[in-house]
Amino acid sequence: MPAPKKALRRSLTVTSAALTALAVLSPAALAAPDPSTSPTPTPPASMSTKGGARLGKPGTQVDLAGGAPVLPKDITARSWIVADAESGDVLAAHNAHWRLAPASTLKMLFADTLLPKWPKTTEHKVAVSDLAGIGAGSSLVGVKEEETYSVHDLWLGVFLRSGNDAVHVLSAMNGGVDQTVADMNEHAEELQALDTNVVSPDGYDAPHQVSSAYDLTLFARSGLQKKDFREYASTVRAKFPGQTEKDKKGKTTRKPFEIQNTNRLLSGDSDMDVYPGIAGVKNGNTTNAGATFTGVAERNGKVLLVTVMNPAKDEHNEVYKETARLFDWGFAAAGKARPVGELVRPISAAQASPAPDASGEAGGTGSGDAGTKPVAGATASEGGGGVGVAAAVVAGVLALLAGGAFLVNRRWPLPDLVRRRTRP
C-alpha cells in the first residue's frame with residue numbers, strides 16, 4: 001500500500017478511536033448495556049453482515065446438501081463458527097457476529113500484530129514498569145523484573161501459558177500498552193474484523209472490550225500465515241528461563257523450567273485425548289467471557305478453523321469438547337454442506353496488491369525460503385529456552401498452493417501448517 005494511503009488510514013483509525021472514547025463517556029453510552037460485562041441471554045436481532053447476510057442472523061446457520069451430516073445436538077456455546085481455513089467458506093455458524101468478551105483468544109490478534117516487530121533473538125531486560133497494570137488473577141508464565149528474556153522466550157510464554165506478564169513486556173517494547181492497543185485496533189480494521197474493540201492487549205476483562213467468533217477466526221487465519229505464529233501455536237511444551245539465583249560462593253545460576261500448552265486439544269488432559277490433526281491455536285477463560293477457544297486442524301488435506309465462545313454447559317474442558325465435535329462435523333460435511341458465508345480478506349489483499357513476503361518470519365528476515373522450513377525442524381537450543389515442539393508435531397508441508405497471498409477465488413493457503421500424528 002502506498003505510504004499516503006496507509007498514513008490516511010492510520011489517521012482515520014486514531015480519529016475513530018478518539019470518537020469511540022468520547023462515546024464511551026457520553027450519557028447514552030453509559031446507559032447502554034456493555035456486552036463485554038453483561039451479555040444478554042440472547043443475541044441481538046441485528047448483527048454485522050460482514051461475510052454474508054446469513055452470518056448476521058441470530059441462531060444457527062447451515063445449509064445441508066445431500067449426504068451432509070446433521071450438526072451435533074449438544075453444542076451449548078453462545079457463539080461458534082466452522083470454516084474452511086483456505087477457501088474461507090463458512091460451513092456453519094451460530095451467532096457468528098455476536099459481540100462478546102474474548103478473553104485470551106484476543107492474544108491471537110496481539111501476536112498477529114506484534115510478531116513481525118522483532119527477530120526472535122532480540123533480548124530485553126525487564127523493567128519494573130514493564131509489569132505494571134497486570135490484572136488481578138491474570139494467567140502468568142513467570143516473567144521476573146530485572147531479568148533478561150529473548151523475544152522467543154516471551155512469545156512462548158504468550159502462546160503456551162497465556163502469560164499476561166509476557167504480553168505486558170512485549171507491549172512495553174512496542175511503546176507501551178496504549179500504543180499496542182492502538183496498533184491492534186488498526187490491524188483489526190485491516191483484517192475487516194469490525195466486531196472487535198481492543199481495550200487491553202492481553203484479553204483481560206475490560207469494559208467495552210469485545211470481539212466475535214467471526215473476528216477471532218479472522219485473527220487465527222491471518223496469524224497462521226506467519227511461520228513463527230504457526231510454530232508457537234503448535235508447541236506443546238518448552239523450557240522457560242527461571243530466575244537468576246546466587247549460591248553462598250557468589251556463583252549465579254539460572255535454571256529453566258518446563259511450561260506446557262494449556263490448549264487441551266493440543267496437549268490432552270485426563271478426560272480427553274489430543275485431537276487428531278490439531279495444530280493450534282489459542283484458548284481463553286475469564287469471568288465475563290467464560291471459556292473461549294479457536295482451533296485449527298487438518299485431515300486428508302482439508303484445513304478447518306473452529307471458534308467456540310462461552311459454552312453454557314458447565315463441565316470440565318467443555319469448550320474443547322464442543323470444538324472437537326464441531327471439527328468432526330466439519331470434516332464429515334466438507335464438500336457436502338453449502339457455504340453460508342465467507343471469511344473476508346484483509347483490506348490490503350482485497351486491493352490486489354503484490355504478494356507479500358511469504359517468509360512469515362518474525363522480525364522480517366526477507367529470506368525467500370524461510371516460509372517453507374518445517375516448523376518442527378527447530379531445535380531445542382533455538383532462542384532462549386527452546387521451542388520444545390513435541391515429537392507428536394510432524395515436520396512437513398501441506399501440499400497446498402505456495403505463498404501467502406490471496407488469490408482471485410479467495411483461497412489463502414496455510415504454508416507449512418504442521419500436522420499431528422497419533423502419539424505412541
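This is a predicted model: local features need pLDDT of at least 70, side-chain atom pairs count only at pLDDT 80 or more; totals for chains, interfaces and linings use all residues.

Q: What makes the contact of R237 and E258 a salt bridge?
A: The side chains of R237 and E258 come to 3.9 Å, N to O, and since the cut-off asks for a Lys or Arg nitrogen within 4 Å of a carboxyl oxygen of Asp or Glu, the pair counts as a salt bridge. R237 lies in strand β6 and E258 in strand β9, so the pair ties together parts that are 21 residues apart in sequence.

Q: How do you know whether E258 is buried, partly exposed or exposed?
A: The relative accessibility of E258 is 47%, and because exposed would require over 50% and buried under 20%, E258 counts as partly exposed.

Q: Why is the pair E146 and K125 called a salt bridge?
A: The closest N and O atoms of E146 and K125 are 3.8 Å apart, and because the limit is within 4 Å, the pair qualifies as a salt bridge. E146 lies in the loop between β4 and β5, while K125 is in strand β4, so the bridge ties together parts that are 21 residues apart in sequence.

Q: What makes G335 exposed or buried?
A: G335 has a relative accessible area of 81%, and because exposed means over 50%, G335 is exposed; its place is in the loop between α10 and β13.

Conventions: Residues are numbered from 1 along each chain as its sequence is written. Side-chain values use heavy atoms; hydrogens and water are left out. Helices (H or I, at least four residues) and strands (E, at least two) are DSSP runs, numbered from the N terminus. Buried means under 20% relative accessible area, exposed over 50%, partly exposed in between (1.4 Å probe, protein chains only).
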